[in-house]
Amino acid sequence: MKKIMCAARRAADSVSAAAKAAGKRTAELKAEVLSAAAEKRSALVKAVSEKKTAFFAAAKDISPKNRKKIRRTAAIVLALVVIASSTPFVPVVYAVSYEGQEIGYVSSKEDAQQIIDDVEYQASEILGENFSLEDRVSVTSVISGRSAAENDEMEKIVLDSVEEIEELYGVYIDGELVAAVKDEATVDSIVSEIVAEYEEDDAYVSINESVATKFGYVPSSLRRDAVELRDMLDPENEESEYALSIKKAYIVREETTTPFETETVSDSSMYEGQSKVIQNGVDGVSVATYAVVEIDGVVVENTLVSEKVETEVVNKRVAKGTKERPSTISYGSYMFPTNGQISSYFGYRNVSVGSSYHQGLDIWGSYGQAIWAADGGEVTFAGWNNGGYGYLVVIRHDNGEETYYAHCSSVAVSVGERVFQGQTIAYMGATGTASGVHVHFEVRVGGTPVDPLSCLK
Ligand SMILES: [Zn+2]
């Protein structure tokens, strides 16, 4: 390289000397030399021989008017001979200027054109539209001792000069270039910040889109600072076309309760209307687990992950009696023994007649009206009582409780007889210690009178 430069300088000096000798302006001569130098070596040699021929032809007849021309031609020929013979390469470089500013040197016009074509092609690709350098780039030849840059170096210099494009970190959302930043870390921190904002304890939060960065030339118009990019990607920003979506993945546990059913089984050992719980019911509980994926609050996936029965359902089992029920069997509950108004309640009372502690319930009615058995059972007493009850009926029920019906005008049953609930057993009167027509009704549990109102229904 150094050698070539020295040769070039020598050639330039020779040209200069020749030009002076010819009395012409250096610049003019330079231009001619330069245009000649652009030719191929073979063309140069050819040119030299042609000039030589012309020189010798002219020398044959040297008229005063041709002297000047001949001298000039001789100088050129001399210069060309020097160039062609003393240098193996053309010692000329081409200055590439961008908008009037010299930005570098290349070794040939072809190289310059190749670079321009490449830059235009690349810029068009980057900008997505036809890009032309047009008048921005000019190429001029210079013979000063500059060294030409490698083509790819020069291409980068030209690319860097184009204001419409810039070498930055492109921000790609789902593969689409949407912005560009100077610092790659800006993108990562914005994405982390957004994810953190939506974080939840029981959910995995992420960005639904793929966000990637790539360093390279991008349209300068896409350049954003951190605040602008944050705003552009903000999931809440409805104005932004590139607002990110928040994806949440979480597990949902769903508990389902299956109420038990009641099964009845027949039991011929029990009477009709009687029933007994054989097995208590237990509600079944099953748990299903779902993997749910939500994007911006909308469920897009709901996958059943597991299903487990936590508690098996156990049906309630009830035995129902099928044996025909004798009418005199006790139900275990009492009906009112007659129609009428209650005139005296169970318990302490102020009365002029009888005990101050009333052991039963007095129900007033008409003389001779029917008195019914409050429940089925066996008649254990039917007749006159000297203790103040007058005509009295006592029934012992199947559970051992007894009912008393007193002050009757007459009885309609006899001892040992089984009676059914509602059966007429006596008629209302005012016998024994009675101040008026009524029935004195008593319920005795284990021989002790209890409040009949608590047993009646
Ligand atoms: Zn009474």
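Strands β19 and β20 (residues 390–396) pair in the antiparallel sense, with seven bridges between them. Here, strands pair if DSSP finds at least two bridges between them. Helices (H or I, at least four residues) and strands (E, at least two) are themselves DSSP runs, numbered from the N terminus.

## What you're looking at

This is a predicted model, where local features need pLDDT of at least 70 and side-chain atom pairs count only at pLDDT 80 or more, while totals for chains, interfaces and linings use all residues. Residues are numbered from 1 along each chain as its sequence is written.

Taken as a whole, the protein has eight helices and 25 strands. Of its 457 residues, 23% are buried. That word has a cut-off: a residue is buried if 20 or more other C-beta atoms lie within 10 Å of its own, exposed if 12 or fewer, and partly exposed in between, with C-beta atoms placed from the backbone. Contacts go by C-beta atoms too, again placed from the backbone, and two residues are in contact if theirs lie within 7 Å. Among contacts with a separation of 6 or more, 68% are between residues 24 or more positions apart.

Helix α5 runs over residues 109–127, and its 19 residues should span 27 Å at 1.5 Å a residue; the end C-alpha atoms are 26 Å apart, which agrees. (The expected span is 1.5 Å times one less than the number of residues.) Which residues of α5 are buried? They are Asp-111, Ala-112, Ile-115, Val-119, Ala-123 and Ile-126. Seen down the axis of α5, these buried residues fall within an arc of 100°, so they line one face of the helix. The arc is that of the directions from the helix axis to the C-beta atoms. Over on the other side of α5, you'll find Glu-110, Gln-113, Asp-117, Tyr-121 and Glu-125 exposed. The cover over the buried residues of α5 includes strands β1 (93–98), β2 (101–106), β3 (137–142), β4 (165–173) and β7 (211–219), along with helix α6 (151–161). Just after α5 comes Gly-128, with a positive phi of about 75°.

In α6, the buried residues are Met-154, Glu-155 and Val-158. They fall within an arc of 105° when seen down the axis of α6, so they too line one face of their helix. Asp-152 and Glu-153 are exposed on the other side of α6. What covers the buried residues of α6 includes α5, β1, β2 and β3.

## Helix α7

Next up is α7 (residues 184–197), with 14 residues. From first C-alpha to last it reaches 21 Å, close to the 20 Å expected at 1.5 Å a residue. Thr-186, Val-187, Ile-190 and Ile-194 are the buried residues of α7. Seen down the axis of α7, they fall within an arc of 100°, so they line one face of the helix. Exposed on the other side of α7 are Ala-185, Asp-188, Ser-189, Ser-192 and Ala-196. The buried residues of α7 are covered by elements including β4, β5 (176–181), β6 (203–207), β7 and α8 (226–233).

## A three-strand sheet

Now for an open sheet: its three strands come in the order β9-β13-β10, with mixed pairing. β9 (262–271) and β10 (275–279) stand at the edges with a single partner strand each, so one side of each has no neighbour in the sheet. β9 and β13 (residues 316–323) run parallel and are joined by seven bridges. In one of them, Thr-262 has Lys-316 of β13 as its bridge partner.

## Zooming in on Thr-289

Thr-289 lies in strand β11 (residues 284–295). Where does Thr-289 stand, buried, exposed or in between? Thr-289 is partly exposed, with 14 other C-beta atoms within 10 Å. Leaving out residues up to four places away in sequence, Thr-289 touches Ile-251, Arg-253, Val-305 and Ser-306. Take Arg-253: Thr-289 and Arg-253 are 36 residues apart in sequence, but 4.6 Å apart in space, C-alpha to C-alpha.

Conventions. The expected span of a helix is 1.5 Å times one less than its number of residues.
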